[in-house]
Amino acid sequence: MPSEGEADGCGPERAPTFVQPHPSTFSPPSCLARSSCDRRLEAERRMLEKIQKMLVVRSPTIRELLAEALGMYILMVFGLSTVAQVVLGRGEFGQYLSINLGFGIGVTLGIHAAGGISGGHLNAAITITHCILGNLPWRKLPAYLLGQFLGSFLAAATVFGTYYDTLYDYTKGNFTVTGPTATASIFSTYPHPCTSLLGGFFAEFMATVMLLLGILVIHDEKNNGALKGTQALLTGILVLGIGLGMGMNTGYAINPSRDLPPRIFTAIAGWGVDVFTAGNYWWWIPVTAPTLGSLVGSLIYKLFIDFHNQSVPESGNEKGQPAIETSTL
């Protein structure tokens, strides 16, 4: 006799059956979120790569201009800011040694920033010397000078903005080149009151001669050159030494790119044309004397060392440039 369940055609009651999904068809929420995040990051990475490709400068000359600009900017921000702190702090926040150290550190970091691309000249006098000696094509001279001048000018503007409040309080709003509250010397060099034009010219000339002799000693691979990787540091120490021993008379500009662009900035920013007329029209000395001193320093080294030391073939640096090209202020 059929049971009640079988009589009505329903059959015996059975437990419901659930189909277990295969592990490959099921992803926990954390995995789904991770996958979505990965896709979003990949899209962002591709977008950044496209932007980077759009911004890449393919012209070697323009890359060298940019490198010189950044290297010079770093050099001058460190140097000028230490001068500003010493002057505006009335000696309470540093002394003359602070300025020497600031420029030395700036030189070292500036070379590291630009050296692998442009050689890290950071000095119009050195760049012109390279062109005269055939180490750099003349067609690249405008780009190097423009980069150096741009970096130096922007650094002066940066330091001016950084110390504007203190500068205004120190001068009561009267920006002067001479006098008890003179501040133009924060940005450019001016001669000591007892220094004549001729004496100042000779001081700048000799300081730059020593600069070039030191640079060539550091980078001469045929001689007892510095260890690889230490050239930037030693060049910074070289500039420190020049400041310690040869800076009193003129402020050791030893570099047209260090002196002229900030002088132009101060003329625009409120100091006026006095920045060019002060010191019996001193402004041209830091432009011409270092240029002549750089060339003479190079020739002296060649006459006393380089011409007589040809036993080892010239190898240049790793980038195929003459060793002299990695130099600065």
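**Terms and the values behind them**

Mentor: Of the chain's 329 residues, 42% count as buried. The model is a predicted one.

Trainee: What makes a residue such as Thr-183 count as buried?
Mentor: Buried means under 20% relative accessible area. Thr-183 has a relative accessible area of 0%, so Thr-183 is buried. Thr-183 sits in the loop between H7 and H8. Its contacts, not counting residues up to four places away in sequence, are Leu-88, Leu-167, Tyr-170, Thr-171, Phe-175, Thr-176 and Trp-271.

Trainee: How do you know whether Asn-280 is buried or exposed?
Mentor: Exposed means over 50% relative accessible area. The value for Asn-280 is 59%, so Asn-280 is exposed.

Trainee: What is stated about the phi of Asn-280?
Mentor: Asn-280 has a positive phi of about 55° although it is not a glycine. Most residues other than glycine have a negative phi. Asn-280 lies in helix H11. Tyr-281 is also placed in helix H11, and Tyr-281 has a positive phi of about 60° although it is not a glycine.

Trainee: Which elements make up the chain?
Mentor: The chain has twelve helices and zero strands.

Trainee: Why are H5 and H6 called roughly antiparallel?
Mentor: Helix H5 (residues 124-133) packs with H6 at an angle of about 170°, and their axes are 10 Å apart. Angles over 145 degrees count as roughly antiparallel, and H5 and H6 are therefore roughly antiparallel to each other.

Trainee: Which residues meet there?
Mentor: From H5 they are Ala-124, Thr-127, Ile-128 and Cys-131, and from H6 Leu-141, Tyr-144, Leu-145, Gln-148 and Phe-149. By class, this contact of H5 with H6 has seven nonpolar, two polar and no charged residues.

Trainee: What makes a set of residues a nonpolar core?
Mentor: The members are buried residues of the types Ala, Val, Leu, Ile, Met, Phe, Trp, Tyr and Cys, joined through side-chain atoms within 4.5 Å. The largest nonpolar core has 43 residues, and Phe-103, Phe-187, Leu-211 and Trp-271 touch the most other members. Helices that each supply at least two residues of this core include H3 (60-88), H4 (96-118), H8 (197-219) and H10 (256-271). H3 provides the largest share, nine residues.

Trainee: What does Trp-271 touch?
Mentor: Not counting residues up to four places away in sequence, Trp-271 touches Phe-160, Leu-167, Phe-175, Thr-176, Val-177, Thr-183, Ala-184, Phe-187 and Thr-266.

Trainee: How do you know where the "transmembrane region" annotation applies?
Mentor: That comes from the UniProt record, an unreviewed entry, which covers residues 65-87, 99-122, 143-164, 197-218, 230-254 and 281-301. Such annotations may be inferred rather than shown by experiment.

Trainee: What does the chain look like over residues 65-87 and over residues 230-254?
Mentor: Over residues 65-87 the chain is 100% helix and 0% strand, with the end C-alpha atoms 32 Å apart. Over residues 230-254 the figures are 64% helix and 0% strand, with the end C-alpha atoms 22 Å apart.

Trainee: What share of contacts joins residues at least 24 apart?
Mentor: Among contacts between residues at least 6 apart in sequence, the share is 79%.

Methods:
Residues numbered from 1 in each chain as written. Predicted model: local features only at pLDDT ≥ 70, side-chain atom pairs only at ≥ 80, totals over all residues. Heavy atoms only, no water. Buried < 20%, exposed > 50% of the residue type's maximum accessible area, 1.4 Å probe, protein only. Helix = DSSP H or I, 4+ residues; strand = E, 2+ residues; numbered from the N terminus. Contact = heavy atoms within 4.5 Å. Axes fitted to C-alpha atoms, helices over the stretch in contact; angles between N-to-C directions. Parallel < 35°, antiparallel > 145°, perpendicular 65-115°, else oblique. Nonpolar A, V, L, I, M, F, W, Y, C, P; charged D, E, K, R; others polar.
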